[in-house]
Amino acid sequence: MHKALTIYGETFDSRLLIGSALYPSPQIMQQSLVASQSQIVTVSLRRQNSVEAGQDFWQLIKDTGLRVLPNTAGCHSVKEVVTLAQMCREVFDTDWIKLELIGDEYNLQPDPVALLEATDILIKDGFKVLPYCTDDLVICQRLADLGCEVLMPWGAPIGTGKGLINPYNLKTIRERLPEHTLIVDAGLGLPSHACQALELGYDAVLLNSAIAGAGCPVTMAKAFKSAVEAGRFSYEAKAMPEKEVAAPSTPTMGMPFWHQD
């Protein structure tokens, strides 16, 4: 019954993608990645190019053995995104790119117009694009039309921890794009949020702050691992239908013998 996660032809057992920023220390980051049992880690070339991070950071990432998914975090223009994506391809030797193109600094919402333009350019340049977008059905459909096999709508604005603020929109996207790999990216704060996303039929979740900002990131990584597994099993099991009236779990079949005359 269990179906593996598929991303551009590659299969993975874990449905939890995890970020590598904001941890209290590089060592806790590495321990959290391992505890999550994730198989994919996102990294930002732009944010991890300091001398302090340097080779030590990349060695810790390499030692985990996880598949690296570079992202274009912090970019605000199509030109900036394309340039950084090409640099990531050279540095990480991968044609995968998590496309982030921010249009508003207040809620870090992706720029839908520029996102479509950048996606078109990158796909034509040979990239396998995983676009971070809002929960807008039409934008998701346009990204799919451009050739994206994977879409990453947000649950809520990045780093807010609010969870799935619009489950209806997310459910609609899942129903309208049944053949695409869908990953809820951003805004999750609790393991229950991840479980809910998987119960809606999403293939995976990607998160960073919820683990890195927890009191104990390693323990929280374990919690999210379990939540993702529970959510997927729940989706595959197919939940019972909701009812408007109560129904006893143990139907009455006559009175107990000690109440009878």
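Visitor: How do the residues of the lining of the second largest pocket divide into nonpolar, polar and charged?

Guide: In this predicted model, the lining holds 7 charged residues, 4 polar ones and 4 nonpolar ones. The pocket itself has a volume of about 270 Å³. Among the 15 residues that line the pocket, K3, R174, P178, H180 and D203 are the closest to its centre.

Visitor: Which element supplies the largest share of the lining of the second largest pocket?

Guide: Helix α9 does, with 3 residues. Both α9 (217-237) and strand β1 (5-7) supply at least two residues each.

Visitor: Why is C88 called buried?

Guide: The relative accessible area of C88 is 1%.

Visitor: What makes C195 buried?

Guide: The same cut-off of under 20% applies. C195 has a relative accessible area of 16%, and therefore C195 also counts as buried.

Visitor: Why does V138 count as partly exposed?

Guide: V138, a residue of helix α5 (137-146), has a relative accessibility of 42%. Buried would require a value under 20% and exposed a value over 50%; 42% lies in between, so V138 is partly exposed.

Visitor: Where does UniProt place the feature "binding site"?

Guide: The unreviewed UniProt entry places this feature at G159, A186, G187, N208 and S209.

Visitor: What shows that these positions cluster in space?

Guide: They are spread over 51 residues of sequence, yet the largest C-alpha distance is 9.3 Å.

Visitor: Is A186 buried or exposed, and why?

Guide: A186 has a relative accessible area of 10%. This value is under 20%, so A186 is buried. A186 is found in the loop between β9 (181-185) and α7 (191-199). Leaving aside neighbours within four places in sequence, its contacts are Y132, W154, G155, A156, I158 and L206.

Visitor: Why does N208 count as buried?

Guide: At 17% relative accessibility, N208 falls under the 20% limit and therefore counts as buried. N208 lies in the loop between β10 (204-207) and α8 (209-212). Not counting residues up to four places away in sequence, N208 touches G19, S20, A21 and Y23.

Definitions and conventions: Residues are numbered from 1 along each chain as its sequence is written. This is a predicted model: local features need pLDDT of at least 70, side-chain atom pairs count only at pLDDT 80 or more; totals for chains, interfaces and linings use all residues. Side-chain values use heavy atoms; hydrogens and water are left out. Buried means under 20% relative accessible area, exposed over 50%, partly exposed in between (1.4 Å probe, protein chains only). On a 1 Å grid over the protein atoms alone, a cavity is a set of points where a 1.4 Å probe fits but cannot get out, and a pocket is an open set with protein on both sides within 12 Å along at least five of seven lines; lining residues have an atom within 4 Å of a point. Grid points are joined across faces, edges and corners, and a volume is the space filled by probe spheres set on the points. Helices (H or I, at least four residues) and strands (E, at least two) are DSSP runs, numbered from the N terminus. Ala, Val, Leu, Ile, Met, Phe, Trp, Tyr, Cys and Pro count as nonpolar, Asp, Glu, Lys and Arg as charged, and the others, Gly among them, as polar. UniProt positions are given in the numbering used here, feature names are shortened, and annotations may be inferred rather than shown by experiment. Contact means heavy atoms within 4.5 Å.
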